[in-house]
Amino acid sequence: MIIEKLDLKHKDILFGRLKKVGTMISEYSFANLYLFRRAHNYEVIEDNTEIFIKGITYDKKSYIMPTIPFNELDIKKVDKILREVDYIFPLDYQLIEGIEDRYCVTSNINDTDYIYTLEKMSTFKGRNLHGKRNLLKQFTEKYNCTIKPLTEENKKDAIMVVEEWQKSLGEPPEETDFYANIEAIQYCKDLVICGLLYYISDKPVGLIMGEELRYDTFAIHFAKGVKGFKGIYQYIYNSFANMLPKRYEYLNFEQDLGKPSLRQAKSSYEPDLMLHKYRLSL
């Protein structure tokens, strides 16, 4: 058995393997694991022909994450794993349905991913999203915003956006995703994530970054707007959704971590699916 701290070198063995799981759960992405490796103390465990990720949840529980669909694991292997950690996590319910009598199946609302249809974010249709449409209209009428892809040449601009966003929060960067976002900018090519930068009068004021999770789902890892530009987030989400290839049906905006401000913001867009991540224990 080989146990190592998760690092960029593990991309070669994990990237394709995680894609093949075929889930919409945001953790099944090498970029996600790498960028939040410190928060979860991620380790890569190679056990004969099997590979697992070991980590710590935000509520301080130890877990093992399989890198193949859960229903392909041998039951004896599952039992052995669960004697060593608190949970196997995160799991799609469709892959564990029918085994509730053998294991304890639970979930934590703070882990739940917010899923929206691409159509919703590209149109803001419906009575409940009237406010979003209005903010979008105000922004486009007031500002002439230029959109550019994130490249090696404008990474400094992207970092400026994140730094200005962080300053406006009044929180320590250790309590936000500041450092993860900076690393995502620095290693975007290695992590196979892409992004867009938003400029007003040549000033960088917005950033969005993400990657394909599976053939029909795109994950939004980071979205940052500079304070003082009313409607900028609505513009960022709407324009990005309109620029994505139409083969994507869903956008995964990931979890809210139990933070009231994040929960309110993500809920206000009327998620089409709250994707629960299940925990399996003995």
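Author: Before we start: two strands count as paired if DSSP finds at least two bridges between them. The model here is predicted.

Reader: Fine. How do E9 and E10 pair, and over how many bridges?

Author: Strand E9 (residues 194-200) and strand E10 (residues 203-214) are antiparallel, with seven bridges between them. Within that pair, Leu197 sits opposite Leu207 of E10.

Reader: What's the strand order in the open sheet with E8 and E13?

Author: The order is E8-E9-E10-E11-E12-E7-E13, seven strands with mixed pairing.

Reader: Which strands does H9 lie across?

Author: Helix H9 (residues 178-186) lies across E10 and strand E11 (217-225), and runs at about 80° to E10.

Reader: Switching to the sheet with E1. What order do its strands take?

Author: E1-E2-E3-E4-E5-E14-E6, an open sheet of seven strands, again with mixed pairing.

Reader: Why is one side of E1 and of E6 left without a neighbour?

Author: Strand E1 (2-5) and strand E6 (104-107) are at the edges and have a single partner strand each, so one side of each has no neighbour in the sheet.

Reader: What joins E6 to E14?

Author: Four bridges, with E6 and strand E14 (residues 278-281) running antiparallel. Val105 has Leu280 in E14 as its bridge partner.

Reader: Which strands does H1 touch?

Author: Helix H1 (residues 11-21) packs on the sheet against strand E2 (43-47), strand E3 (50-56) and strand E4 (62-66), at about 90° to E3.

Reader: And H4? Which strands does that one touch?

Author: Helix H4 (residues 75-82) touches E2, E3, E4, strand E5 (87-91) and E14, and its direction makes about 115° with that of E5.

Definitions and conventions:
Residues are numbered from 1 along each chain as its sequence is written. This is a predicted model: local features need pLDDT of at least 70, side-chain atom pairs count only at pLDDT 80 or more; totals for chains, interfaces and linings use all residues. Side-chain values use heavy atoms; hydrogens and water are left out. Helices (H or I, at least four residues) and strands (E, at least two) are DSSP runs, numbered from the N terminus. Contact means heavy atoms within 4.5 Å. Axes are lines fitted to C-alpha atoms, for helices over the stretch in contact, and angles run from 0 to 180 degrees between N-to-C directions.
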